[in-house]
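Open the model in your viewer and keep the selection panel at hand. The tour below goes stop by stop.

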Amino acid sequence: MEIPRIPLGSWIEGGLTWLTSEYSVVTRGISRITQTGINSLNDGLMWLPEWALLAIIALLCWKLASTRLAIGAVAGLALIWNLGLWNPMIETLTLVVIATLVAVVIALPVGIAAALSERLYRLIMPMLDFMQTMPAFVYLIPAIPFFGIGSVSAIFATVIFSMPPAIRFTTLGIRQVPVELIEAADAYGATRGQKLFKVQLPLSLPTVMAGINQTIMLALSMVVIAAMIGADGLGSEVWRAIQRLRPGDGFEAGIAVVILAMLLDRLTQSLRKSRRS
Amino acid sequence: MDETRPVKIQVRGLSKVFGKQPKKALELRDQGLKRPEILEKTGQTLGLSNISFDVYEGELLVIMGLSGSGKSTLIRCLNRLIDTTEGEIIIDGENIPTLGEKALLECRRRHFSMVFQNFALFPHRTVQQNAEFGLEIRGVEKSERHTIAHNALKQVGLEGWEDAYPNQLSGGMQQRVGLARALANDASVLLMDEAFSALDPLIRKDMQQELLQLQNKMQKTTVFITHDLDEALNIGDRIVLLKDGEVVQIGTPEEILTKPADEYVRRFIEGVDRSRILTAESAMRPVRTTARDSDGPRTALHRMRDHSIDSIYVTDRDRQLIGLLEADAASRAIEAKAETITDHLTQDFRKVPPEEPLQNLFAMFSEKSYPIAVVDEQQRLLGVVVKGAVLDELARAGEQ
């Protein structure tokens, strides 16, 4: 007797098609809002002359981190500018910033809720495992029927892929607050809200920041991949280099990604360290 | 103790079972089974069993027991950080185990301040902000809570450290912050959970002494948990002795020492080294008067006359002992028209730390008859010992 193959794939497709047609109003709304966000941030960053943005970033690095990072930032960004990759770099940066913002806005409350409720924790953790281990490319496929080809789909896939660490670290940070401090807050008659805002959140801040740092890194790697569904930026430069078999162009764009990644990583890490723990 | 004193907290038939079937464990307990058998039969741990005692208004009650005796559970039942299984805890007419969530918060805010073994200070808050915590939770207005917390910090000797963070302080100082946090809150009962156990022995003695001084001043109802009998005997007005979640004996330190309720208590108090109790500290009397280094000779002489003494200890502004002024030296200073007494001091006296055994003191009295100064490590004058007191103390020890 032959066991019939379970039509898992067609079920999922059916579900996605239903979602697309039933909720097209919602997806179109999201699409419009996100596109407006992307455009305005992108235009804003592009409107600034290259040297001005470079100076601002250098100043930011110097203020928040160190002189060394500022020098590194100037050298790296100058190289990107020189290679003629400035505009794609800005496009990538825009996508990363917006995707991270959306991811963090969703992740913080979810992470807090999961930390405070054991049941929610058990529900959310396997979902996070799913989101993180599913090959990143797979998210690109349903993104297209939802939001069409382009940057909005890229943001959608990126948010899903990069959100888990922010949730995990928020939950971890809150759960790591020593029991005796919770006990102290309880003993003095703190309400749940007071406990959360006066004790748990401030104490978990360094861990939450580490999570956000991870989210930014994942978002950067994903927006590059998202070039396959028409996202602009450094990813599309790499993609074009692959199609034309030009390793030189590919590496130039790749190096630009690395520079951007290091810059974002060091900046957010210094933000974390400058907080008193 | 006088049994008619007003009762602050009444604990009646309090039991606590850890586990999911507390009823079953209590049934077995009522059949006369003990903790290990109940654990074996039901998998439930009988943390506390049928505890009853009163806490009188203004007393310092020590709950003492070894680890596993249930003392930490008991103190946490009082403010319901741990829910009880059965029994009553009545404070000002309210039965704590049956309070609703809102009423419980209100009750904790009004009645309980707590000091923890490992300090439990908030590392992200300054010393000042830590001391303000309880008031902030209660919604006390900012400038008011600032003043109250500042005064509390002053009381525990932490003035000037307001803007430091807990990790910049030593253990003893951290626990002072914990104490200030509790004092600032001005709740009616102070709960101290092994508050000094994490401190090293010398600092611990200091803190005990300071707690007693504060207690003398404020008469705050205090429940103090400890595993250390010396500490219990030293600070407790009364002691509740716990063993395996049950009360073994309740009484004053004297009653515990002289009339142990059973073999367990007797074995326990054998560990107390009686000779160690007889130290300079036990025979020490408070100094009636001292002179300051900035005083003139006339002022100093005047003080001596007021207290009918012929020599006076001189301290600087930090209460550090800097010398002794004799009456003759003072009059010579007046003749020499000296502005201050600092040039006329003598160092020809004896000083000892508070833990100096009494026997050693006895020999020091041979030549001169100045009272012996008792000083702490910072050379601060704690008190004096006179010959009579030593004799008295040694004689009493002989009787025991």
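Two residues count as in contact if their C-beta atoms, placed from the backbone, lie within 7 Å. Take the contacts in chain B between residues at least 6 apart in sequence: 65% of them join residues at least 24 apart. Bear in mind throughout that this is a predicted model.

**Stop 1: chain B as a whole**

Select chain B. Its C-alpha trace spans about 85 × 55 × 40 Å along the principal axes. Colour by secondary structure to find 17 helices and 16 strands. Of the 400 residues in chain B, 38% are buried.

**Stop 2: where the chains meet**

Show chain A as well. Here 16 residues of chain B are in contact with 15 residues of chain A. Which elements of chain B give two or more residues to this side? They are helix 4 (101-111), strand 6 (112-115) and helix 5 (127-138). By class, the chain B side has 9 nonpolar, 5 polar and 2 charged residues.

**Stop 3: helix 5 against helix 7**

The crossing is right-handed. Show side chains at the contact: helix 5 of chain B brings residues including B:Val127, B:Ala131, B:Phe133 and B:Leu135, and helix 7 of chain B brings B:Val177, B:Ala180 and B:Arg181, among others. The residues of this contact divide into 7 nonpolar, 3 polar and 2 charged.

**Stop 4: the cores**

Keep B:Ala180 selected. B:Ala180 is among the residues with the most contacts inside the largest nonpolar core, which has 136 residues. Now centre on A:Val223. Leaving aside neighbours within four places in sequence, its contacts include A:Thr92, A:Leu95, A:Ala154, A:Thr158 and A:Gly233. Another core, of 26 residues, lies apart from the largest one; B:Ala280, B:Tyr313, B:Ile341 and B:Leu361 are among its members.

**Stop 5: annotated spans**

Select residues 51-81, 93-116, 136-161 and 203-230 of chain A, each listed as "transmembrane region" in an unreviewed UniProt entry. Residues 51-81 of chain A are 94% helix and 0% strand, with end C-alpha atoms 9 Å apart. Residues 203-230 of chain A are 82% helix and 0% strand, and there the end C-alpha atoms are 41 Å apart.

Methods:
Residues numbered from 1 in each chain as written. Chains lettered and ligands numbered in written order. Predicted model: local features only at pLDDT ≥ 70, side-chain atom pairs only at ≥ 80, totals over all residues. Helix = DSSP H or I, 4+ residues; strand = E, 2+ residues; numbered from the N terminus. Nonpolar A, V, L, I, M, F, W, Y, C, P; charged D, E, K, R; others polar. Core = buried A, V, L, I, M, F, W, Y, C linked by C-beta atoms within 7 Å. Buried ≥ 20, exposed ≤ 12 C-beta atoms within 10 Å, placed from the backbone. UniProt positions renumbered as here; feature names shortened; annotations may be inferred. Left-handed = near helix turned anticlockwise from the far one by under 90°.
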